[in-house]
Amino acid sequence: MTLLEHLRRMARNNLWSNDRLYRAVLALKPGEFEAGRVSFFPSIREALNHILAVDLLYFDFLTDGGMGAAAYDDFIPLDAAASLAAAQADFDRKLIAFCDGLSEADPDRRVVTDRREDGMIPERIGDILAHVFLHDIHHRGQVHAMLSGTSVPPPQLDEFLLEYDLKLRKEEVERLGLDDQTKATS
C-alpha cells in the first residue's frame with residue numbers, strides 16, 4: 001500500500017468512524033449533548049464542534065481556500081447534534097474527494113498554512129492529512145469517553161475497514177457508499 005492509498009483509506013475510515021459516533025450522539029436523550037462533562041472540552045457538543053472547526057481550518061490550507069486562520073476563528077459552533085452531524089458528514093465526503101484527487105507526488109507537495117503570529121508556514125500535504133486524522137481520532141476518543149456517562153453506550157470505533165470488518169458492518173459500509181470506494185483503493 002502506498003502512502004497515497006493509505007491517506008485515501010484514512011479519509012474513508014474518518015467518515016465511517018464519525019458516522020458511528022454521530023449515530024450514538026443522535027440517540028442521546030434531551031440535554032445530554034450539551035451537558036457538562038469531564039474532558040478536555042466541557043461537553044460533547046463543544047468537542048464535536050472543535051473537531052469540525054479544525055477540519056475546516058486544515059481543509060482550507062489544503063485547498064488554498066483563502067480563509068487562513070479565519071476558517072477556525074470565524075467558525076460558528078452548531079447547537080443541534082443533527083446539524084453538526086450533517087456538516088461533519090459533508091466535510092468527510094469533501095475530504096475523501098480531495099484525497100481521491102491527489103497524485104502520487106502530492107503528499108510531498110507543500111501548501112502554506114496561516115499560523116497567525118508565526119506567519120505563513122509551508123507544510124507537506126501528507127503531514128497535514130496525518131495531523132487531521134490524528135486530531136480527529138484523539139477528540140473522537142474524548143467524545144467516546146463522555147458517552148460512557150450518558151444513556152447511549154459508546155460505539156466501537158477501532159475498526160479500520162479491514163475485509164473482516166467490512167462483512168460485519170455490511171449495512172453501514174453500503175449506506176455510506178464505502179463498499180465500492182474501499183475496493184477501489186485496494
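**Helix packing in a predicted model**

Biologist: How many residues does helix 2 have, and what is its reach from first C-alpha to last?

Modeller: Helix 2 (residues 44–63) has 20 residues and reaches 29 Å from its first C-alpha to its last, close to the 28 Å expected at 1.5 Å a residue. The expected span is 1.5 Å times one less than the number of residues. Helices are DSSP runs (H or I, at least four residues), numbered from the N terminus.

Biologist: What are the ground rules for the model?

Modeller: This is a predicted model, in which local features need pLDDT of at least 70 and side-chain atom pairs count only at pLDDT 80 or more, while totals for chains, interfaces and linings use all residues. Residues are numbered from 1 along each chain as its sequence is written, and side-chain values use heavy atoms, with hydrogens and water left out.

Biologist: Is helix 2 mostly covered or mostly open?

Modeller: Mostly covered: 16 of its 20 residues are buried. Buried means under 20% relative accessible area, exposed over 50%, and partly exposed in between (1.4 Å probe, protein chains only).

Biologist: How do the axes of helix 2 and helix 5 cross?

Modeller: The axes of helix 2 and helix 5 (residues 125–147) come within 9 Å and cross at roughly 175 degrees. Axes are lines fitted to C-alpha atoms, for helices over the stretch in contact, and angles run from 0 to 180 degrees between N-to-C directions. The two helices are therefore roughly antiparallel (angles over 145 degrees).

Biologist: Which residues make that contact?

Modeller: Among them are I44, L48, I51 and Y58 of helix 2, and I128, L129, V132 and H139 of helix 5. Contact means heavy atoms within 4.5 Å.

Biologist: Moving on, what follows helix 2?

Modeller: D64 follows helix 2, in the loop between helix 2 and helix 3 (70–73). D64 has a positive phi of about 50 degrees although it is not a glycine. At 69% relative accessibility, D64 counts as exposed.

Biologist: And helix 4: where do its buried residues lie?

Modeller: In helix 4, the buried residues include L84, Q88, F91, L95 and C99. Seen down the helix axis, the buried residues fall within an arc of 160 degrees, so they line one face of helix 4. The arc is that of the directions from the axis to the C-beta atoms.

Biologist: At what angle do helix 1 and helix 4 pack?

Modeller: Helix 1 (residues 3–25) and helix 4 pack at about 170 degrees, with their axes 9 Å apart. That makes helix 1 roughly antiparallel to helix 4.

Technical notes
Parallel < 35°, antiparallel > 145°, perpendicular 65-115°, else oblique.
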